[in-house]
Amino acid sequence: MEVCGISNVTLRDFSCEQSLLSRPDGSSSFMQGDTSVLAGVYGPAEVKVSKEIYDRATLEVLIQPKVGLPSVKERSQEQNVRETCEASLLLSLHPRSSLTLVLQVLHDDGSLLSCFLNAACMALMDAGLPMSCLFCGVTCAIAVDGEIITDPTAAQEKECRALLTFAIDSKKCRVMMSSTKGSFSVQELQQCIAISQKASEKIFQFYRDSVQRRYSKNL
Amino acid sequence: MQIEISPNVFVQRLDGRQTYDYRRIKVSFGADYGCCFVELGETRVMAQVSCELVAPKESRPNEGILFFNIELSPMASPAFEAGRQSELSVKLNRQLERCLRNSKCIDTESLCVVSGEKVWQIRVDVHLLNHDGNLMDAASIAAITALSHFRRPDVSSVGEEITVFSPEERDPIPLCIYHMPISVSFSFFQQGTYLLVDPCEREERVMDGLLMIAMNKHREICSIQSSGGIMLLKEQVMRCSKIASVKVSEINELISKALENDKRARKAGERCGYAASLPRGRITALKMDETLVDMTTVMDTAKEIIQEAAVPSEPSSAKHTRAASPVVPAPGVGQVGLGLENSWGLEEDVDEEDEGKGEEEPQMEEQHHERKPRRGVDVVEISDSEEEEVVILHP
Amino acid sequence: MAAGFKTADLLEYYRRFLKENCRPDGRVLLEFRPTTLNIGSISTADGSALVKVGNTTIICGIKAELATPTVEAPGKGYIVPNVDLPPLCSSRFRPGPPGEPAQACSQFIADLIESSEIIQTDDLCVERGKLCWVLYCDLMCLDYDGNLRDACVIALLAALKNTQLPEAVISTETHLPVVDLEKRHGLKVCKHPVASSFCIFDESTLIVDPTDEEENLSTARITVVTEEGDRLCAVHKPGGMSLSGQKLQECINRATVRQKEIQKLTDKVLSSVKTS
């Protein structure tokens, strides 16, 4: 029960490219190991009258699966990503306008939801939208023997007993979003949150490095 | 009206290309089999091939099924709406079907497992990621390359039992492709005075007409389609088909090279896929190697939080640490939380209100039904008294 | 006067109450609304339950049908939950295909069934690779006043415990399934998960079992699902205001108490049905 594999807590290699698409106002691709997601942001633009909100912008998040049409599973992921973005974006600065965030799965090799969040944050940054804080996604898997694995691959996800994904904010390192699968104990939950908070530091450092590199003019 | 395309007219295109130039084409592959990315200038397309065992069509019991789906993702252009079939998507879908299904470039009979019962359905999903013109050419290159890259699982059928082998058990099998048709688009301006190959989005916006020729490297035309309402002369079409044959053989060579490279890389066990093809020399791209997360304080933090919360910090939350016992007023009906710990002193009223609502339940006694109207009046009074209470609390 | 204040600035109206550790409907912050459970409300369904949490009313009907198992899992049956939010239950739902709240809730229930393993899907198999039961769990909201998820979970669980499956066999002569409607047996429900929903007001005020109004005004929503033995099978927070581990622990502690309460309620009502 109390076993906690300290050795296995690594994040796979990360890479990210911003502004890679010409049409969207902001775009990014984010890779965690082989898992890759492409994100594009449009807006602030004109909003449909039926979706208009008088005191803030309307954010729409669309997740496009690789094969077939979006299903109920994508809808629920969309809700998670949208409400996380809504909490960090300063939407009241663009009232009566629309923001659209489209996320395209390029390859799923585990930790997909956290990759969606990371790609979304990088794309929102690239679009230059005002945000109160940044956010990142971390996925933890709890193996059958109680060992905690961060950023699991698809094979590790299949074997694990529980899968927890958190969105962590950059301001206070607290939990913005939580989505879980499988059953786990209270201890395991708190350990996973603590690990995610530690891992988020690394991801935020990566965000900072990539922004610094962009504006530094030298490779 | 000038009818001849005069090559003497010097045409300068917005992006500096010559009349017959294609933009830069880049073909790369995903980590899965049957996943292909195509960049045509700024236009970006992804194709993914998948397969499934289904019952065949009644009219063709021993042929596999090919299914094409072009997704105009709202990422590609703000004009595209999610989940809606637009005129453009129908047109592109039709053209892709004509180019790849009706040309019989794929052997569908080899996709039959049990005649009349089980065949493979090959599904091609083409996602448009960035729209900078000439979507059709990019989509056709992506689709045929993905089909050539795809491997389906091996199957065996003994009697009624059909076994599908995983890639570990038996090597997956490529599709049988006879030839590779590729679409080449020509845009016409001023009633056919000017002709441009591979129009970009800005050129497409002002063009008068479009001619799409799908051709394979044996210079066989698989489909020809003219749209936009311009009349073309025989000579113009002939000229276009000549240009197309040159372009098709160039693109075919590019695809074969890309397929070969990928095959070699996979054999050598190199890392392939989208993540591996990230450009290095750009300031907008960054890579970070695998990192270790510092775990030294994690266990303590988790323990601390749990212990801290075990002691209720406020006296008000203390009463919520024991479970209340439920009440069963009638068989099949139970209630919990009737005016529990109600600091407003309205227990009885709330109680009655809920019983009144409970009467919707079928098992309630007759007597309750009779009392219902009076209860309704009670409810109104409760809400009234609540408002009065508010005034007292915050004068 | 109070009514005018409420109309003018609803959020401020709520803040005044929350500052005094109570809510406009008379509850304290961590208090649930009265919960009423009725089991076996629909006689034509194989299992049913009606739940009221305050004004929120959910009815759940379970229909069992025979089907062929999937190729991937030949020894298992399956459960198909569906949450419906018809225009009847609130003015904010429109007729037509299910909207995002309904779809997200359906997915939440489906995930919950999978995570908590309420029912061993092996039990639903009649004959391996040939015949199995499919349980269609339709959850219909009759009145929407917030906290949909808690009510749905209680209704689903009570309805599953109430379900009586007829006996089915494949006849050896005709190779067709034969159903004996007279002989029925209950489902084996192994776990007892209970959901507890919370809302965060402003920065840190935590309230339990929010009404529709409270849900709209809040900055974040959390649903914690607990089982017996203090196990968790879902901590769902779709986004919104960020929350510390400590605050989350408070939610979990309240949820464990609620789990015991609801388990007692369900058991007591079930036994009252059996004895009568």
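1. Two residues are in contact if their C-beta atoms, placed from the backbone, lie within 7 Å. On that criterion, 29 residues of chain A are in contact with 28 residues of chain C. On the side of chain A that touches chain C, at least two residues each come from H1, strand S10 (175–181), strand S11 (184–185) and helix H4 (186–214) of chain A. The most is given by H1(A), with 11 residues, and by class this side of chain A has 9 nonpolar, 11 polar and 9 charged residues.

2. The model discussed here is predicted, and its scores are ipTM 0.89 and pTM 0.88. For chain C the average pLDDT is 90, with 99% of the residues scoring at least 70. Within chain C, confidence is highest in helix H4 (residues 148–162) of chain C, at 95, and lowest in strand S8 (residues 177–186) of chain C, where the mean is 85.

3. Strand pairing also links chain A to chain C: S11(A) and strand S12 (residues 231–236) of chain C pair in the antiparallel sense over 2 bridges. For the reader who wishes to locate this pairing on the model, Ser185(A) has Arg231(C) as its bridge partner in S12(C).

4. The contact between chain A and chain B takes 49 residues from chain A and 48 residues from chain B. Two or more residues of the side of chain A that touches chain B are given by each of strand S1 (10–11), S2, S4, S5, S6 and H4 of chain A. On this side H4(A) gives the most, with 14 residues, and the residues of the side divide into 22 nonpolar, 16 polar and 11 charged.

5. An open sheet of 6 strands, with mixed pairing, takes in strands of both chain A and chain B, in the order S5(A)-S6(A)-S4(A)-S3(A)-S2(A)-S15(B). Strand S5 (58–64) of chain A and strand S15 (285–288) of chain B stand at its edges; each has a single partner strand, and therefore one side of each is left without a neighbour in the sheet. Direction ignored, neighbouring strands of this sheet are turned by 15° against each other on average.

6. Which residues stand opposite Glu17(A) in S3(A) and in S15(B)? In S3(A) the residue opposite Glu17(A) is Ser29(A), and in S15(B) it is Ala285(B). The strands concerned are joined as follows: strand S2 (residues 14–18) of chain A pairs with strand S3 (residues 26–32) of chain A in the antiparallel sense over 5 bridges, while 4 bridges join S2(A) to S15(B), which also run antiparallel.

7. Two helices of chain A lie across strands of this sheet. Helix H1 (residues 72–88) of chain A lies across S5 and strand S6 (98–107) of chain A, and runs at about 140° to S5(A). Helix H2 (residues 112–126) of chain A lies across S2, S3, strand S4 (35–45), S5 and S6 of chain A, and runs at about 150° to S3(A). H1(A) should be read together with point 1, as H1(A) gives the most to the side of chain A that touches chain C.

8. According to an unreviewed UniProt entry, the annotation "domain: Exoribonuclease phosphorolytic" covers residues 11–130 and 134–198 of chain A. Over residues 11–130 of chain A the chain is 27% helix and 34% strand, with the end C-alpha atoms 28 Å apart. Over residues 134–198 of chain A the chain is 29% helix and 43% strand, with the end C-alpha atoms 15 Å apart.

9. For chain B as a whole, there are 8 helices and 18 strands. Of the 395 residues in chain B, buried residues make up 33%. Among the contacts in chain B with a separation of 6 or more, 67% are accounted for by residues 24 or more positions apart.

10. In chain C, is Ile207(C) buried or exposed? Ile207(C) counts as buried because it has 21 C-beta neighbours inside 10 Å, where the cut-off for a buried residue is 20 or more. Ile207(C) is found in strand S10 (residues 205–208) of chain C. Not counting residues up to four places away in sequence, Ile207(C) touches Arg23(C), Leu29(C), Phe198(C), Cys199(C), Phe201(C) and Glu214(C). Ile207(C) and Arg258(C), which are 51 residues apart in sequence, are 14 Å apart in space, C-alpha to C-alpha.

Key
Residues are numbered from 1 along each chain as its sequence is written. Chains are lettered from A and ligands numbered from 1 in the order in which they are written. This is a predicted model: local features need pLDDT of at least 70, side-chain atom pairs count only at pLDDT 80 or more; totals for chains, interfaces and linings use all residues. Two strands pair if DSSP finds at least two bridges between them. Axes are lines fitted to C-alpha atoms, for helices over the stretch in contact, and angles run from 0 to 180 degrees between N-to-C directions. A residue is buried if 20 or more other C-beta atoms lie within 10 Å of its own, exposed if 12 or fewer, and partly exposed in between; C-beta atoms are placed from the backbone. Ala, Val, Leu, Ile, Met, Phe, Trp, Tyr, Cys and Pro count as nonpolar, Asp, Glu, Lys and Arg as charged, and the others, Gly among them, as polar. pLDDT is the predictor's confidence in each residue, from 0 to 100. UniProt positions are given in the numbering used here, feature names are shortened, and annotations may be inferred rather than shown by experiment.
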